[in-house]
Amino acid sequence: MRLQLQNFTKCFDGTPVIEGLDLTVEDGEMLALLGPSGCGKSTTLFSICGIYRADGGRIMFGDRDVSDLPSQKRNVGVVFQNYALYPHLTVEENIAFPLTVQKPRPSKSEIAREVRAIAELIHIENLLERRPAQLSGGQQQRVALARALVRKPDVLLLDEPLANLDAKLRLEMRSEIRRIQLETGITAILVTHDQVEAMSMCDRVAIMDKGEILQIASPTEMYRNPVNKFVAGFLGNPPITFLEGHTATEGRFAMDQGLFLPLPSRLRDLPAGQRISLGLRPEHFGSTGTAQASGRIVFVEPQGREMLFDVEAAPGVVLRSVQPVRDDVGVGDEVTWGVDVDRMLAFDMDGQTL
Amino acid sequence: MTKNFAIFPLIILLTIVSLPIAVMYGFLILDTFTDAPPGELWPDRFTLAHWRFLWDPSVVGNVWKAAGNSLILAVSIIVIVVPISSLAGYAVSRLNLPFRRFFLAGIMVMHAFPAVTLLIGVFFVLKFTGLYNTMIGVILVKGSLMLPFGIWIMKGFYDAVPWEIEMAGVQDGASRLTVFRRLILPQVKPGLVALSVFAFLDGWGEYLLPRILAPGSDMEVLSVFLNELVQADQLGYDFNLFKSVGVFYTLPVIILFVLFQNRLMNIFGGGTKG
Ligand SMILES: Nc1ncnc2c1ncn2[C@@H]1O[C@H](COP(=O)(O)OP(=O)(O)OP(=O)(O)O)[C@@H](O)[C@H]1O
Ligand SMILES: [Mg+2]
């Protein structure tokens with residue numbers, strides 16, 4: 001079901017945390033709400049499910065305005081960060097709980113059938129007799145998911161569902177959650193501050209800062225064409241390097257520290273002397289490229305499949321490069337590597353992309 | 001337990017310290033079943049004579065009636081304190097009440113207030129309402145004096161239940177009442193059990209209030225009964241009889257403690273771990 005926030009506003013103690021936010025999640029889509037801590041992701045999520053009452057604007061499920069409905073009438077499934085399983089109930093009773101409070105209450109056999117079906121979908125058939133305390137983190141996560149899905153909600157909301165898992169489980173649950181979302185075709189919102197999670201699990205990413213949505217786009221699109229410096233800096237690991245300077249004659253970019261680079265061809269027309277900053281992603285600085293930059297390697301970080309190099313191209317200017325593992329260079333070596341100039345990003349002084 | 005320090009010296013020390021108490025209790029029990037020759041410490045014969053008050057009212061009066069009164073008092077305290085505390089504790093723990101802080105501070109102060117200082121005021125109120133010298137009056141006064149303690153304890157237990165569990169219940173479509181009944185209450189059960197036991201013990205052991213607010217012999221509870229027995233000096237000083245009545249009076253307390261000792265330990269954790 002399509003979910004829409006229109007001009008949504010939420011205040012705490014009179015100060016607006018979110019003001020006039022518009023957001024549309026298409027039917028069957030999984031959208032990530034990505035942003036730094038305190039930007040209002042959870043607030044948005046809790047307002048959608050009715051835990052918080054919106055102070056302005058409308059929340060629409062399909063054509064239905066749910067802004068004034070209590071949580072119980074909204075039919076939203078929520079997975080909380082700490083799973084919030086009911087410790088005194090077995091897994092089976094946990095999953096069945098949403099059904100047992102429905103009116104009219106479904107028959108016992110019907111409930112058992114529904115629980116079994118969802119347990120099979122989520123691969124927890126063999127855990128039904130246990131209690132939450134006897135489950136691993138990943139299993140608890142699955143149970144929470146099953147409980148959220150069992151009454152076929154219109155929308156599924158996930159608040160940092162992977163934050164409490166260890167790295168390996170996180171990887172596994174990432175694809176599991178996506179699989180289940182695709183199989184059920186449910187409209188879902190995933191709240192996270194982990195860009196990898198957001199980009200790998202979702203159809204589209206909405207990036208938030210200070211209660212505002214800066215950009216909504218597919219992960220690739222957002223990575224390639226961020227609307228501003230904040231988005232560019234938030235996405236990408238290792239992060240993008242920003243170079244501050246101004247445009248110079250002959251389509252060049254000059255840094256205050258004395259480093260010169262050609263401007264991306266789309267920006268050659270900029271008047272000389274304008275202050276801008278360039279963003280160079282580490283994968284665009286390496287062995288190939290249309291221009292060269294040279295410097296001394298000051299730091300090397302092996303990451304298994306890849307290696308991270310920090311190259312000091314001018315005093316205080318460190319360019320980062322990520323490359324397949326190579327042993328021919330090391331700390332202290334002077335190198336001259338290619339810069340993929342046209343894929344560099346450029347921003348004006350307000351941080352907007354040029 | 002971690003073995004950070006040697007445990008044996010500690011056990012020995014504790015044994016030595018508690019030995020006099022253990023010996024006292026040992027003789028207390030022993031004396032109720034035996035007789036010793038005058039001037040001797042060790043008994044030389046077994047007898048049930050000291051327990052004959054149980055079936056022979058002519059010895060000290062009707063002990064069963066007093067026990068029944070004590071039971072009524074104790075159970076009534078449970079009935080008053082546990083339900084009210086479990087609701088009020090939830091309210092102060094979760095709901096955004098106006099004057100919540102003020103209310104909490106009030107509970108604390110009332111809890112710390114010695115009941116004796118209120119006695120004269122309470123006496124007048126009971127006189128005025130016609131509840132003086134009735135069991136109901138004693139029950140109401142004792143119950144209300146215990147409520148701050150009960151509410152505070154239950155608040156601690158509710159505080160330990162994660163907020164998300166409640167929200168999850170609401171999201172699952174349950175009403176607040178259903179959530180409270182089916183999801184929250186089961187998690188504070190240790191608190192309810194502990195509070196019930198405490199309420200019972202407190203009611204059972206209460207001496208002052210029944211003694212002063214309901215001095216009529218119809219309402220006599222066991223504690224008062226025992227006290228009168230000691231003062232009355234009806235039978236000369238039959239110490240072993242006093243001891244037997246005393247043991248009889250303590251028995252429910254001991255039984256409850258043995259049954260619920262783990263749960264009771266819970267309450268001293270302040271309910272931080274429910
Ligand atoms: N109950 C509340 N009362 C007052 N202010 C609040 C309340 N809840 C959140 N806030 C404020 O609203 C802002 C957004 O909070 P929110 O919890 O939505 O952040 P978030 O994006 O979920 O962050 P995180 O990633 O740390 O969970 C924060 O500045 C926070 O201080
Ligand atoms: Mg949050």
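**Entry 1**

Strands pair here if DSSP finds at least two bridges between them; strands (E, at least two residues) and helices (H or I, at least four) are DSSP runs numbered from the N terminus. I note that the model is predicted, with local features needing pLDDT of at least 70, side-chain atom pairs counting only at pLDDT 80 or more, and totals for chains, interfaces and linings using all residues. Residues are numbered from 1 along each chain as its sequence is written, chains are lettered from A and ligands numbered from 1 in the order in which they are written, and side-chain values use heavy atoms, with hydrogens and water left out.

Next I checked burial, where buried means under 20% relative accessible area with a 1.4 Å probe and protein chains only. Strand β7 (residues 155-159) of chain A has 5 of its 5 residues buried, so it is largely enclosed by the rest of the structure. A:V155, A:L157 and A:D159 point one way, A:L156 and A:L158 the other.

**Entry 2: ligand 1**

I listed the residues around ligand 1 (a heavy atom within 4 Å); among them are A:F12, A:V17, A:E160 and A:H193. Helix α1 (residues 41-49) of chain A gives the most to this shell, with 3 residues.

I then looked at polar contacts, meaning pairs of N or O atoms within 3.5 Å. A polar side-chain atom of A:K41 lies 2.8 Å from an oxygen atom of ligand 1. For A:S42, a side-chain N or O atom is 2.5 Å from a ligand oxygen. The protein buries 59% of the 630 Å² that ligand 1 exposes when taken alone (Shrake-Rupley method, 1.4 Å probe).

**Entry 3: the open sheet**

I traced an open sheet of 5 strands in chain A, in the order β15-β19-β16-β17-β18, with antiparallel pairing. Its edge strands, each pairing on one side only, are β15 (285-286) and β18 (317-324). I found 2 bridges between β15(A) and β19 (residues 334-339) of chain A, with A:G286 opposite A:G338.

Conventions: Buried means under 20% relative accessible area, exposed over 50%, partly exposed in between (1.4 Å probe, protein chains only). A polar contact is a pair of N or O atoms within 3.5 Å; within protein, one must be able to donate a hydrogen and the other to accept it, and residues adjacent in sequence count only if both atoms are side-chain atoms.
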